[in-house]
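This report covers a ligand site and a few residues of the fold. The sequence and structure come first, then the description.

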Amino acid sequence: MGQLRFSERGTGTAVVLLHGFPLTRAMWSGQVEPLAEAGYRVVMPDLRGHGESPAPDEVASMARHAKDVVELIDRLRLDRVMLGGLSLGGYVALELYRRHRDRIAALLLLDTRAEADTAEGRHQRRETITSIQEHGIGVLEAAMLPKLLTDRTRAERPVLTERVREMMRSTTARAAIRTLEGLAERPDQRDLLPTITVPTLVAVGAEDPITPSSVAEALAEAIPGAGPAVVIPEAAHLMPLESAEMFNPILLAFLRSLTP
Ligand code: MLT
C-alpha cells in the first residue's frame, strides 16, 4: 500500500496536521515556523492520493486515511499527539479519534463538520466525478478555487493563489475520484461528538462556503472538550493559509493552554 510521505519541523510536543482535499501538506506553510519556534514538533503528511503520497488503489475511505495516519504516528514512535485537520483532514481526525482515542491528546477541527454527505451532496460528488472523467482534473480546480479563497484574496494575492493552484494540480484525476468516492461514503460522526473529552479547538473562516460558521458552532457545542467555535474574519475554506496572522495567535494560545 505504501507509506505516507510527510514533512516535519521543530522539536517538542507533536502536532500532526492533516490537509484538505485536493491539497497537500504545503497547506500548512503559514503555521510551520510559528509552531516550531514556539516549541512544537509539527508533522505534516500528504494524505493518500495527495501530494507525494501513494495513490489509493481503492476507495479512499476515512478508515483507510485514519489507518495511514496511525501508521505514521507509530513509525515516528509518537505516543499521543495533538491532531489537527482541515475539512477532509478533520473528517479523518474524527475517524481516528473513534478508533484510537488513546493516541490523541487534543483536537483541532478546522473548517470541517461531523455530518455525512446529504443525498444531494452525494449526487454532486457523482457529478463531479463524471465531469472529471469527461473533461479532466482541471474542472476540479475551476470549481473549488472560488470556495477555497475569498474573492479579495484571489484578486489581491496572486502568489498565494498560485500556490493553491499548484497544490491542486499535484492531484491526479484517478486519485481525486477515489477521494471523492471516500468523501461521499464517509460515516456520520455526530454520535461521537458527546464522547470527545480531549481539549478541542474548533475554528472556521467567516466566509467559508463549504463549512458555514453555523456548522462549526454546532460542532463545537456538541463536543464537551471544546470551547465556542472561533470564527476568523476575511477567510474562506482555506482559513489557516489565507488568514494565518489571525489564526496563529488563537492556535498558539490553545496549544499553550495545554502545555504550560
Ligand atoms: C476539503 O476541503 O477537504 C473538502 O472540501 C471536503 C469536502 O468536500 O467535503
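Where is Arg-103 found? Arg-103 is in the loop between helix 3 and strand 5, with helices (H or I, at least four residues) and strands (E, at least two) taken as DSSP runs numbered from the N terminus. The model is predicted, and local features need pLDDT of at least 70, side-chain atom pairs count only at pLDDT 80 or more, and totals for chains, interfaces and linings use all residues. Residues are numbered from 1 along each chain as its sequence is written, and side-chain values use heavy atoms, with hydrogens and water left out.

Arg-103 counts as buried because its relative accessible area is 15%; buried means under 20%, exposed over 50% and partly exposed in between (1.4 Å probe, protein chains only). The Arg-103 side chain reaches the backbone oxygen of Asp-79 at 2.8 Å.

Gly-90 belongs to helix 3, residues 88-100. With 0% relative accessibility, Gly-90 is buried. Gly-12 and Gly-90 are separated by 78 residues in sequence and by 23 Å in space, C-alpha to C-alpha.

Thr-112 lies in the loop that runs between strand 5 (104-110) and helix 4 (119-135). Thr-112 is buried as well, at 2% relative accessibility. A polar atom of the Thr-112 side chain is 2.9 Å from the backbone oxygen of Ser-87.

**The ligand site**

Ser-87 is also one of the residues around the ligand, together with Gly-20, Phe-21, Leu-88, Tyr-91, Arg-125, Met-144, Ile-210 and His-237; each has a heavy atom within 4 Å of the ligand. By class, this shell holds five nonpolar, three polar and one charged residues. Ala, Val, Leu, Ile, Met, Phe, Trp, Tyr, Cys and Pro count as nonpolar, Asp, Glu, Lys and Arg as charged, and the others, Gly among them, as polar.

| Residue | Protein atom | Distance to a ligand oxygen |
|---|---|---|
| Phe-21 | backbone N or O | 2.7 Å |
| Ser-87 | side-chain N or O | 3.0 Å |
| Leu-88 | polar backbone atom | 2.9 Å |

Taken alone, the ligand exposes 270 Å², and the protein buries 93% of that (Shrake-Rupley method, 1.4 Å probe).

How values were computed: Polar contact = N/O pair within 3.5 Å; in protein donor to acceptor, adjacent residues only side chain to side chain.
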